[in-house]
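Thanks for coming, everyone. Please have the sequence and the 3D view open. I'll walk through one region, piece by piece.

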Amino acid sequence: MAEDDESTAPGGSDPAEEQFPLLIAVTASPAERIWLAERLDGIAPLLLVADLDELRRLIVAPPPPSGASSAPALDEPPPVADTLLIDSARSTARCRDRTVGLTRLEHDLLICLTAEPVRVWSYAELHRSVWRDEGRQRRADVQSLVKRLRRKLHELGTGVTIDAVRGVGFRLTDHQRPKVRGA
């Protein structure tokens, strides 16, 4: 039996240009991923990931070629040298020429704190905003996350940091007065 040549689809169009279904399953359990792979085998291409951070890393658009011009969008002002930029699509933070990746929790905490930078956020408010649950409001969770995010902000070389307000919670503080802007 002869196989068909798949270099061109019927009608002369390139198969790479055709749309096809892709199933994406997100589950932390390896057993559930195996179960899904067995059940969905042959239906469509299947992408199995453990969490949304892994999915974001896989589907982020590649950076533009080094020769391409990177002109800023017309409706967006050019970034100031000391501006902390948060790229929600890529889950990164950038200041000057440095970029750090953020986990979902770090990203959500930073977004929450930048929404009202001068405000002191209580542990309970941060826990609700970042973990999205009412029941567990452990201070240790928030403190650990703040510690990791402080380290990443320090790596960026920005003057923005997270200050503790004893007995209350945390607030975003701008020690060098750079502007904070979401991208």
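**A buried threonine and its surroundings**

Thr-158 is buried, because its relative accessible area is 10%. Buried means under 20%, exposed means over 50%, and partly exposed is in between, with a 1.4 Å probe and protein chains only. A word on the source: this is a predicted model, where local features need pLDDT of at least 70, side-chain atom pairs count only at pLDDT 80 or more, and totals for chains, interfaces and linings use all residues. Residues are numbered from 1 along each chain as its sequence is written, and side-chain values use heavy atoms, leaving out hydrogens and water.

Where does Thr-158 lie? In the loop between H5 and S7. Helices (H or I, at least four residues) and strands (E, at least two) are DSSP runs, numbered from the N terminus. A polar atom of the Thr-158 side chain lies 3.2 Å from the backbone nitrogen of Val-160.

Next, the sheet. Strands of a sheet pair through backbone hydrogen bonds, either parallel or antiparallel. Here three strands form an open sheet, in the order S6-S8-S7, with antiparallel pairing. Strand S6 (121–122) and strand S7 (160–165) stand at the edges with a single partner strand each, so one side of each has no neighbour in the sheet. S6 pairs with strand S8 (residues 169–174) over two bridges. Two strands pair if DSSP finds at least two bridges between them. Trp-121 stands opposite Phe-170 in S8.

Now the helices. H5 lies across S7 and S8, at about 150° to S7. Axes are lines fitted to C-alpha atoms, for helices over the stretch in contact, and angles run from 0 to 180 degrees between N-to-C directions. Contact means heavy atoms within 4.5 Å.

Helix H3 (residues 104–115) packs on H5 at about 80°, with the axes 10 Å apart. H3 and H5 are therefore roughly perpendicular. The cut-offs: under 35 degrees is roughly parallel, over 145 roughly antiparallel, 65 to 115 roughly perpendicular, and the rest oblique. Which H3 residues make the contact? Leu-105, Glu-106, Leu-109 and Leu-110, against Leu-145, Val-146, Arg-148, Leu-149 and Lys-152 of H5. That contact has six nonpolar, no polar and three charged residues. Nonpolar covers Ala, Val, Leu, Ile, Met, Phe, Trp, Tyr, Cys and Pro; charged covers Asp, Glu, Lys and Arg; the others, Gly among them, are polar.

Last, helix H4 (residues 123–131). Its axis comes within 10 Å of that of helix H5 (residues 139–156), crossing at roughly 75°.

How values were computed
A polar contact is a pair of N or O atoms within 3.5 Å; within protein, one must be able to donate a hydrogen and the other to accept it, and residues adjacent in sequence count only if both atoms are side-chain atoms.
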